[in-house]
Amino acid sequence: MSKIIKERENQMNRRAFFSKSATGIGVAALSSLLGGCNLFDQSENGILTQKNNLQGILDAPHFAPKAKRVIYLFQSGGPSQLELFDYKPLLNQRRGEELPDSIRNGQRLTGMTSGQDSFPIVGSQFGFSQHGENGTYMSDLMPYTSKIVDELCIIKSMHTEAINHDPAITFFQTGSQQPGRPCMGSWLSYGMGSMNENLPTFTVLLSRGTGRKFGQPLYSRLWGNGFLHSLHQGVQFRSGKDPVLYLKDPDGIDRASRRKMLDHIAELNAKQLEEFGDPEISSRIAQYEMAYRMQTSVPDVVDISNEPDHIYQMYGPDSMQPGTFAANCLLARRLAEQDVRFIQLYHMGWDQHENLPTQIAGQAKDVDQATAALIMDLKQRGMLEDTLVIWGGEFGRTNYSQGTLTDTNYGRDHHPRCFTIFMAGGGVKPGMVYGETDEFGYNIVKDPVHVHDFQATMLHQLGIDHEKMTYKYQGRRFRLTDVHGKVVKDLLA
Amino acid sequence: MISKKTNISTPLVLVSIIVITLLLLFPSSCKTDQVISSSSIAKAIPDKIDFNFHVKPILSDRCFTCHGPDENARKENLRFDTKEGAFAALGKNKDHYAIIPNDAENSTLIQRIFSEDPAEIMPTPESNLTLTNYEKGILKKWIEQGAEWKEHWSFLPIKNSEIPEVSKGKINNPIDNFVLAKLNAQNLTSMGMATKAQLIRRVTFDLTGLPPTLEEIDNFKKDKSPDAYEKVVDRLLQTDAYAETMTTNWLDLARYADSHGYQDDLERIMFPWRDWVIHAFKKNMPYDQFVTWQLAGDLLPNPTREQIIATAFNRNHKITQEGGVIPEEYRVEYVSDRTQTFGTAFLGLTFECAKCHDHKYDAIQQKDYFSLFSFFNNVPEEGLIEPYGAIPKPYIKLTKKEIEETLTFINNLDTIEEIPLMVMEEMPQKRQAHILNRGAYDQPTTPVNPEMPKSILAFDEKFSKDRLGLSNWLFSKENPLTARVTVNRLWQQCFGKGIVATPDDFGNQGSLPTHPELLDWLATELMNNNWDLKASLKTMVMSATYQQSSKVTEELLEIDPENDLLARASRQRLSAEMIRDHALATSGLLDRTVGGPSVKPYQPDGLWAETIGGGGGSLAKYIQDKGSKIYRRSIYTFWKRTVPPPSMMTFDATTRDVCTVKRSTTSTPLQALVMLNDPQIVEASRVLAYHSIEKENDLEKRIGLMFRLATSREITSDELNNLSSFFNEEKSRFEKSPTAAKELLQIGEYPQRELLKEPEMAAYTIIANVIFNLDETITKG
């Protein structure tokens, strides 16, 4: 029997249920009967594809998934790979010398340094030392992360197409530099659906850097559903009394009263359903139930007060302060435990055009301990193997100084040709360093990974063939990876 | 250009039943393909195959990517998008053919699609595309029946459709003839007419975006004259609210916003243009003139200020101030945006797909894209806003004096001395446009000039090679697309879905019209009536088809889940704007001021501030307005593109990043949270309670009044019992906990009134809130 017809029959059964219960409905029974939420999904060719809200468009993964969920620690602004991961002693040796044209090789410049007549090479002000079994070089700015380097899969050969923040970050999240397409989390919600009935499947947490308090803005389109349905939009979790917009009951309405209110709404809606037979009404009844469940489950999940002291110590002192990156990492773990599919963090402030040494130290301090703690916390709970953790920004930074280079100070402009990100868990190779840049840290010399390749690889770990998860909009089958991208098999465990 | 056999009505008359079945069951998403192949119903292949309705959608969707219009992507030099290509001899020796009419067996197309050899089968496994047995059957049968070829339906001239005669059913005007002809052929009948209350609710929302008042409902019910309904329609079409609602739709299309849209997302002032649009709709400016002014007002002879203001339409696109961008890259982006907007809004074509390469599905080459691009390429503008916060050139300054004296349609509410407005201007020395290799700003190749594709309509000498010529081409009676695309959008406004379900795609990948002759009849009427939009809308809402009940039976739901046949009215949820406006109007809070600067109603704290970088100027922090401004219609809500109003986005408003002509309608838990907890709704509940307490003096009457205001109908006794028992429960709860009552009544800025004791007032507020949360309340009816 066709799925459409079958779904329709389910709907009919629900309708029969409603029409039989003339004296009102026990809502507990109702919600368990509906078992989640229903949605009418109107495809653009006028075909009704009705499906359960919790279910994605893909009947089954394309191949066995390694990861069930993703925690993406996005570092907004473009962290400098040269201070953090990509050790280039030559840059210190040749400090102050002009970047050779043969290395720059026609790379276009942003409007911020295109007027500069000198491009003095500058190495990291911070030391590097070797860590882990492979003796991986890590910056002294990241002491905690250095200790867990054997868990990480570090990619030093990331490259992108955009050279400015807005297009670059939009490109990372949506596969297109221009706004309008769905972001990664929305694609996953669309493709894979939700794993729980009480929380949104795609959540977003923001924090502001202390290294540079005001750097680059964010845009809600970065967690927007684009042309997918609004059901797939990321739900921002915020610190404060209303962790999700409009979540809190108004003052003067308590839980018991709210419950009764929803029962009355459901009863009245059910009468309408009897009268009009529109399945959309039963969908709405189910959505109200999900909303009610969220009102309980969201405050529960964001309440970190019952975490033991050793966990706070692990994540660092910031973790007790809501809204910080560390607190968000802890919250991310709690959301992961509740099987939220895609947990997107944004940490702002990584745009070090000037005063880089001071700023980056602050930024690194914000994230280092909590990042390492999150990974190890997931590991100790047996969750790292099916959780893919990603850490990285939208592009890298130049090997030459933006502005005047002094003995103690310099800045770096945007650099799309190479930068570093790392992953952990979720079926990627631990203890791996992938890709190489030249000794100037300017060009990739081995194993380049394009943003689309990264996206394809991430989807692959979730069991999705990036070429097969498509959405037809205005006649075209869109993908997260546009028409590009290949899975980087070398990274996979 | 067009073959002689262009009668698109033929197939419908012949095979309407099958066409319907096909439209209902012929999906193109990968998931449903498999669903359909296993369905027994889908196996019924029509007796007579029609190229446009059955064959082309398959060829386009599964074959064109490699065998279509894009020359660079074309494999084996085989193309199915033109007749010559599809029937051409193939191979080195020119000894075989993809399609041999009447000889399916020897047609390589058939051989390849039925092949089981992975090296042979088409589409190739790598394409991730497949054909179902049904689709293969269609292609085979089409060839067996002679492989008749037809040009794409929407590029054929608009036909003066003959009105079909029908034997049964209610006929108000020719729309009903077209709809009933198809219904009767299916042996289906209408579900009957809506009640008067439902009808006035529906038409008032569709034409004005607001609910009818009780007085309006009562008057309509009382009026037994045959033209009672027509009087309602005529009245609605004269209102400011009508103009505002038409404008609301136009703002999506025109990607209107109050901010620049990229990075720091600074404020811009475009409301004088929005006020002009309201003004133009109010006075029912003919659509051709309305659009011509917006596209080319500055190029008209001795343009008036009003005509120049209209051109701000093409400056509504996003503009960046991000220091460090390469200005030319962004300037090209702005011109591209205008190109895309023109394609989507006026031609219903996805021109933007031909920016980087020839279109994969439609007869639009990359050259065509950049030829259209060149019309919009001569604006003396810059890619980057410099210095920070500057007003992007070109712009005009509207003085307080001229607004008071001549441009009175602008509501200069804040009495600004001088309002800058970005407008279009043509450079005396035109910028030579080029094809840009892969769409990249820094890779110009062949120079191109203003021109439009011949496949649509030749851009011959009578059209000047500028935006004004483009507009004249657009509104030429021979243009096959403009009127169809326009009436289709109006139809969508009234019926929830276009006759072509993809108002943004009339190309090969778009939906086919469910009622092609009706579409053409409406398009012809529009042109014959001098592009009179009100007349078109009136015809639609006067039809019996529009006035049907939205009730549906299981049987009909099974046969026609999407309501393509229109045996009933579609039960439509209100739009984001309507939902909020409804609560404001019902409670009496709505401020009816028309136009003026955008306003900032309630919004959760901190949303703007938490995402800004260092900049953002006046938009760094959301400073909520006070007083009546927070009760204005939602069309006036301030639109910051990078953080649009969250409650509106939850109800499927568009981001205004690009031209959009269709919104999706979803049902999500976040919507429930908005309706239950947004202070705007909670406050409206309280004020609705005040109103009912003042008007009526007992519980049942008060509940009945609130219910009727929200749903436009009388409450039933069951419903009344339900709500009054809940009222009593809540009242006693609040009596036990007077602080709770106090807290609830404090929500919102509207001053509190002491009409009753607080616990009772609070209980009424709760009941009003329940009523606002009913599915029926946010439904048109």
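**Helix crossing and nonpolar cores**

Helix 3 of chain B goes past helix 6 of chain B in a left-handed crossing, meaning the near helix is turned anticlockwise from the far one by less than a right angle. Helices here are DSSP runs (H or I, at least four residues), numbered from the N terminus. The model is predicted, with local features needing pLDDT of at least 70 and side-chain atom pairs pLDDT 80 or more, while totals for chains, interfaces and linings use all residues. Residues are numbered from 1 along each chain as its sequence is written, and chains are lettered from A in the order in which they are written.

The axes of helix 3 (residues 51-67) and helix 6 (residues 133-144) of chain B cross at roughly 120° and come within 10 Å; axes are lines fitted to C-alpha atoms over the stretch in contact, with angles from 0 to 180 degrees between N-to-C directions. On the helix 3 side, F51(B), H54(B), V55(B) and I58(B) make the contact, meeting E135(B), I138(B), L139(B) and W142(B) of helix 6 (C-beta atoms, placed from the backbone, within 7 Å).

As for nonpolar cores (buried Ala, Val, Leu, Ile, Met, Phe, Trp, Tyr and Cys joined through C-beta atoms within 7 Å), the largest has 323 residues, and C153(A), A332(A), V389(A) and I767(B) have the most contacts inside it. Buried means 20 or more other C-beta atoms within 10 Å of the residue's own. A second, separate core of 21 residues includes I58(B) and A104(B).

Methods: Helix = DSSP H or I, 4+ residues; strand = E, 2+ residues; numbered from the N terminus. Contact = placed C-beta atoms within 7 Å. Buried ≥ 20, exposed ≤ 12 C-beta atoms within 10 Å, placed from the backbone.
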